[in-house]
Amino acid sequence: MINITSPGAYANAALTPLEQDAVKWLDGFYQLEHLLCTRMWAMKLSPEASAEVKFASLVHDAERFFPGGPPSTPGNGFDDPDYLFAHSTRSADIVEQWLRDRTPAPDDAFIRRVRHLVLRHEIGGGWEADFVQAADSLSFLESLDWITVDWVQNGHYTIAGAREKLDYTVERIRPSIAVAAALPLYESAVRALDAAHEIKVDLKRRREIAGSRRFLLGLSPEAETAGASVR
Ligand SMILES: [Fe+2]
């Protein structure tokens, strides 16, 4: 069975004002839940995580929200460097531009560090980038188990083909604390994928939830209006 998120699952995420703005920017993105979950894992793995690690975790896949990027279901394997580098560079460019367009913009050192970590989120390298990559991996297994089922149901991959994504996601993790945390999530995601043809969950609705800021942060329409009038 795939993981079903409850309303307000990220209500206590303690987002900074900058992070709240980023979540508004990415509202409607089917990976919004994955991004929030990645930030949560980064903090779980490393309670002392820097502001840059947390922010990079929250926006690392941003480019997929904006048309024109490389296909997120590559045909040359999930570890295809051409895809990984194109995806990471486009995300870093889009995030950097968004940060620089703010008034006032965050300081240059913050922007450059976030860019560095977004660029490295698929490949790791250096302990902070390794933690972002590990958090991304854990978050994929936990929050995007439904997407591998979707790939199979819509004929994009066979079960074995989609399994390669789950295997790759675990194999690339470096910090041992994260490997230990990944194994039960991996087993659960594999079980869901193996049952892909039998799972009857409404994946269209699951995708909507995954992209809904209001659902994930547990915002009522009234609360949003009140928040807007305070700002
Ligand atoms: Fe990701």
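Does Trp41 count as buried or exposed, and how many C-beta neighbours does Trp41 have inside 10 Å?

## Trp41 and the model

Trp41 counts as buried, because 28 C-beta neighbours lie inside 10 Å. A residue is buried if 20 or more other C-beta atoms, placed from the backbone, lie within 10 Å of its own, exposed if 12 or fewer, and partly exposed in between. The model is predicted: local features need pLDDT of at least 70, side-chain atom pairs count only at pLDDT 80 or more, and totals for chains, interfaces and linings use all residues. Residues are numbered from 1 along each chain as its sequence is written.

Trp41 belongs to helix α2 (residues 32-45); helices are DSSP runs (H or I, at least four residues), numbered from the N terminus. Beyond its neighbours within four places in sequence, Trp41 is in contact with Ala135, Leu138 and Ser139, where contact requires C-beta atoms, placed from the backbone, to lie within 7 Å. Trp41 and Ser57 stand 16 residues apart in sequence, with 8.9 Å from C-alpha to C-alpha.

## The nonpolar core

The largest nonpolar core has 56 residues, of which Val59, Leu138 and Ala182 touch the most other members. Helix α6 (residues 127-143) gives the most to this core, contributing eight residues. Such a core is a set of buried Ala, Val, Leu, Ile, Met, Phe, Trp, Tyr and Cys residues joined through C-beta atoms within 7 Å.

Not counting residues up to four places away in sequence, Val59 touches Ala22, Leu35, Val95 and Val118.

## Packing of α3 and α5

The axes of helix α3 (residues 51-59) and α5 come within 9 Å and cross at roughly 50°. The two helices are therefore oblique to each other, a term for angles that are not under 35 degrees (roughly parallel), over 145 (roughly antiparallel) or 65 to 115 (roughly perpendicular).

On the α3 side, the contact is made by Ala51, Glu52, Val53, Phe55, Ala56 and Val59; on the α5 side, by Phe110, Arg113, Val114, Leu117 and Val118. These residues divide into nine nonpolar, no polar and two charged. Here Ala, Val, Leu, Ile, Met, Phe, Trp, Tyr, Cys and Pro count as nonpolar, Asp, Glu, Lys and Arg as charged, and the others, Gly among them, as polar.

## Backbone exceptions

Most residues other than glycine have a negative phi, and most peptide bonds are trans. Ala14 has a positive phi near 50° and is found in the segment before α1 (17-25). Ala14 is exposed, with 9 other C-beta atoms within 10 Å.

The peptide bond from Thr103 to Pro104 is cis, with omega near -5°. Pro104 is located in the loop between α4 (81-100) and α5 (108-119).

Note on methods:
Contact = placed C-beta atoms within 7 Å. Axes fitted to C-alpha atoms, helices over the stretch in contact; angles between N-to-C directions.
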